[in-house]
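Here is a short briefing on one protein chain. Look over the sequence and the fold, then read the points below.

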Amino acid sequence: MKLSGPLESQRLSLLLEMAISRETQMWKVHVPKIQTNQDAGISPAQRDEVIQWLAKLKCQFRLYPETLALAVSLLDRFLAAVKARPKYLNCIAISCFFLAAKTIEEDERIPVLKVLARDSFCGCSPAEIRRMEKIILDKLNWDLHTATPLDFLHIFHAVASSTRPQLLAALRKVSPSQHVALLGKQLLRCLACHQLLQFKGSMLALAILSLEVEKLIPDWLSLIIGLLQKAQMDSSQLIHCRELVAQHLSPPQPSSVYIYSPFKHSLAPCHAGAFQLHRSSALGPESTDSSPPEVPTHGSAALCQRRLAPSRCRQATAKRKVEEMEVDDFYDGIKRLYNEENAPEGVALDGKASSACSTNVAWPGGSVSPCPPLQPVSVM
């Protein structure tokens, strides 16, 4: 039978008080340290990765979210008490998961250990999991009943719904159970973030609830302050936890992608019967002045471009002048390679006679070719 308003409020206050007392007795700060040696200890990234793996197992075996929350709590408590090596992490995690399933789930929903070891691909045998279970129970003093962050989320949500009826009215097409289930998914995502291990489970649950209530009702701040006082938590830590939770739950921003698009050139006949290298008209006559900075081009086309802008070179900085000197030396090396130390009259290389690189090479048939003739290789 559902209790009335005052009795329900007293019951929720009693549950919150018992959970806070239990958390105060058992909670310890545990933040995994970044290890320089991979075999020295479990890194934060490895801890987060194995929790994500347990979340997939929860969905695979269709277990309750409370089972995953308890498994993560047991894992963090054990890692805070024991310095384990990374090679044992999978065995520790699957053992905590199996202990949590036997604690939370009904008997018919508890997976068979042999099936769990086979289908989870943990790399451990059932005998190894049972031995690890014994070690975990010894280190935790056979005390597996603790208040998880998900328990606090359920209590806080029930208190908020009972004290603020407008909160239920603000939920459009979502029942209170569905709403708390959505918040539970956000909480399970936060459990796989090692940066949030510095906060208690009650603080993490209240931070998630405050971020959600802020979107629904205007007097959310007074509600959160009341819950904060009942839980006897620090407001500055709640603000810091809210910032980290909001950052973790925010959708990833798309990173900027730069596309390399080299200038297109075309050959056009000039007055001397040679060919000149022009920029494609598709870019527009004023494209070089109005376009934003692009990725620097490389190759012979870039050499020609730098060779064609004497006015811009005169306004360049000292660093740009050094680059131009290196380009000139490289360009002179190309001329020596093709025996073009004495360029013909039809070839404009100084940028004064024309505004583009051009060359005049005749084919044997009398036509003009834009490519210089190949020179025989002398054998020493």
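What share of the contacts in the protein chain with a separation of 6 or more comes from residues 24 or more positions apart? The share is 70%, where contact means heavy atoms within 4.5 Å. This is a predicted model: local features need pLDDT of at least 70, side-chain atom pairs count only at pLDDT 80 or more, and totals for chains, interfaces and linings use all residues. Residues are numbered from 1 along each chain as its sequence is written, and side-chain values use heavy atoms, with hydrogens and water left out.

**Overall make-up**

- The protein chain has 16 helices and five strands. Both are DSSP runs numbered from the N terminus: helices are H or I with at least four residues, strands are E with at least two.
- Of the 380 residues in the protein chain, 38% are buried. Buried means under 20% relative accessible area, exposed means over 50%, and partly exposed lies in between (1.4 Å probe, protein chains only).

**Helix 3 against helix 4**

- Helix 3 spans residues 65–81 and helix 4 spans residues 89–104. Their axes come within 8 Å and cross at roughly 135°. Axes are lines fitted to C-alpha atoms, for helices over the stretch in contact, and angles run from 0 to 180 degrees between N-to-C directions.
- The two helices, helix 3 and helix 4, are therefore oblique to each other. Angles under 35 degrees count as roughly parallel, over 145 as roughly antiparallel, 65 to 115 as roughly perpendicular, and the rest as oblique.
- Helix 3 passes helix 4 in a right-handed crossing. A crossing is right-handed if the near helix is turned clockwise from the far one by less than a right angle, and left-handed if anticlockwise.
- From helix 3, the contact residues include E66, L70, L74 and F78. Among their partners in helix 4 are I92, C96, F97 and I104.
- By class, this contact of helix 3 with helix 4 has 13 nonpolar, two polar and one charged residues. Ala, Val, Leu, Ile, Met, Phe, Trp, Tyr, Cys and Pro count as nonpolar, Asp, Glu, Lys and Arg as charged, and the others, Gly among them, as polar.

**Helix 7 against helix 10**

- The axes of helix 7 and helix 10 (residues 201–213) come within 8 Å and cross at roughly 45°. Helix 7 and helix 10 are therefore oblique to each other.
- The crossing of helix 7 and helix 10 is right-handed.
- Helix 7 contributes P149, F152, L153, F156, H157 and A160 to the contact, and helix 10 contributes G201, S202, A205, L206 and L209.
- The contact of helix 7 with helix 10 divides into eight nonpolar, three polar and no charged residues.

**Cysteines**

- The disulfide count is zero, a disulfide being a pair of cysteine sulfur atoms within 2.5 Å.
- For C124, the closest cysteine sulfur is in C91, at 3.8 Å, too far for a bond. C124 is buried, at 14% relative accessible area.
- For C241, the closest cysteine sulfur is in C190, at 7.9 Å, again too far for a bond. C241 is buried, at 0% relative accessibility.

**Selected buried residues**

- S73 lies in helix 3 and is buried at 15%. Leaving out residues up to four places away in sequence, S73 touches T146 and T148.
- S161 lies in helix 7 (residues 149–163) and is buried at 14%. Beyond neighbours within four places in sequence, S161 is in contact with L167 and L168.
- L188 lies in helix 9 (residues 176–191) and is buried at 16%. Beyond neighbours within four places in sequence, L188 contacts P65 and L68.
- L188 and L150 are 38 residues apart in sequence and 8.2 Å apart in space, C-alpha to C-alpha.
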